[in-house]
Amino acid sequence: MAVTESQAQERTDAPLPDLYLDCQRCDYTYIRANIGFINLVDAPDRADIHLTITDARTYGGREFTLDFRGLNRFEGLRDTLVYRSRDTESADQERAGLVRYMRVGLVPFAARTDAIDHLGIYYHGDTPASRL
């Protein structure tokens with residue numbers, strides 16, 4: 001994500017960011033229930049963040065491209081993440097994985113609001129012994 005030094009230090013002390021989600025295969029109810037640090041809005045002109053998610057079938061699964069674009073108070077913030085699911089995953093596992101990537105991509109935006117005081121980052125993988 002390209003961020004200038006002044007943007008990195010800037011905090012708006014504003015309420016939760018408003019997100020417009022442009023996604024054909026997304027479960028909006030699930031997203032609302034599992035991402036509590038944003039407000040979903042129904043029109044791009046009311047949004048602070050425009051997230052477009054596209055997907056394509058790949059050999060062995062599905063690839064989702066998440067394009068995060070800052071609007072209004074987040075103008076200039078932008079990032080793209082790619083989530084790859086496997087054919088062996090259930091629909092629920094795929095949905096959870098996509099929402100996990102959405103959360104990660106939304107953190108730089110939420111970190112510039114009051115939401116930062118309620119966010120945490122957790123790692124649920126193995127820690128290599130060489131890093132201890």
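The structure is a predicted model, and every value below is computed from it. The largest pocket has a volume of about 370 Å³, while the second largest pocket holds about 240 Å³ of space.

**The largest pocket**

- The lining of the largest pocket is made up of Phe37, Arg100, Arg103, Val104, Val107, Leu119, Gly120, Ile121, Tyr122, Tyr123 and His124.
- Sorted by class, the residues that line the largest pocket comprise 7 nonpolar, 2 polar and 2 charged.

**The second largest pocket**

- The second largest pocket, with its volume of about 240 Å³, is lined by 20 residues, of which Arg25, Phe64, Ala91, Glu94 and Arg95 are the closest to its centre.
- Two or more lining residues of the second largest pocket come from each of helix H2 (28–34), strand S4 (61–70), strand S5 (78–86) and helix H3 (91–110), and H3 contributes the most, with 6 residues.
- The lining of the second largest pocket divides by class into 8 nonpolar, 3 polar and 9 charged residues.

**Tyrosine 20 and its surroundings**

- Tyrosine 20 belongs to strand S1, which covers residues 18–23.
- When neighbours within four places in sequence are set aside, tyrosine 20 is in contact with Val41, Asp42, Ala43, Pro44, Ala47, Ile49, His50 and Leu51.
- Although tyrosine 20 and threonine 52 are separated by 32 residues in sequence, their C-alpha atoms lie 8.5 Å apart in space.

Terms used: Residues numbered from 1 in each chain as written. Predicted model: local features only at pLDDT ≥ 70, side-chain atom pairs only at ≥ 80, totals over all residues. Heavy atoms only, no water. 1 Å grid on protein atoms, 1.4 Å probe; cavity = no way out; pocket = protein on both sides within 12 Å on 5 of 7 lines; lining within 4 Å. Points joined across faces, edges and corners; volume = space filled by probe spheres on them. Nonpolar A, V, L, I, M, F, W, Y, C, P; charged D, E, K, R; others polar. Helix = DSSP H or I, 4+ residues; strand = E, 2+ residues; numbered from the N terminus. Contact = heavy atoms within 4.5 Å.
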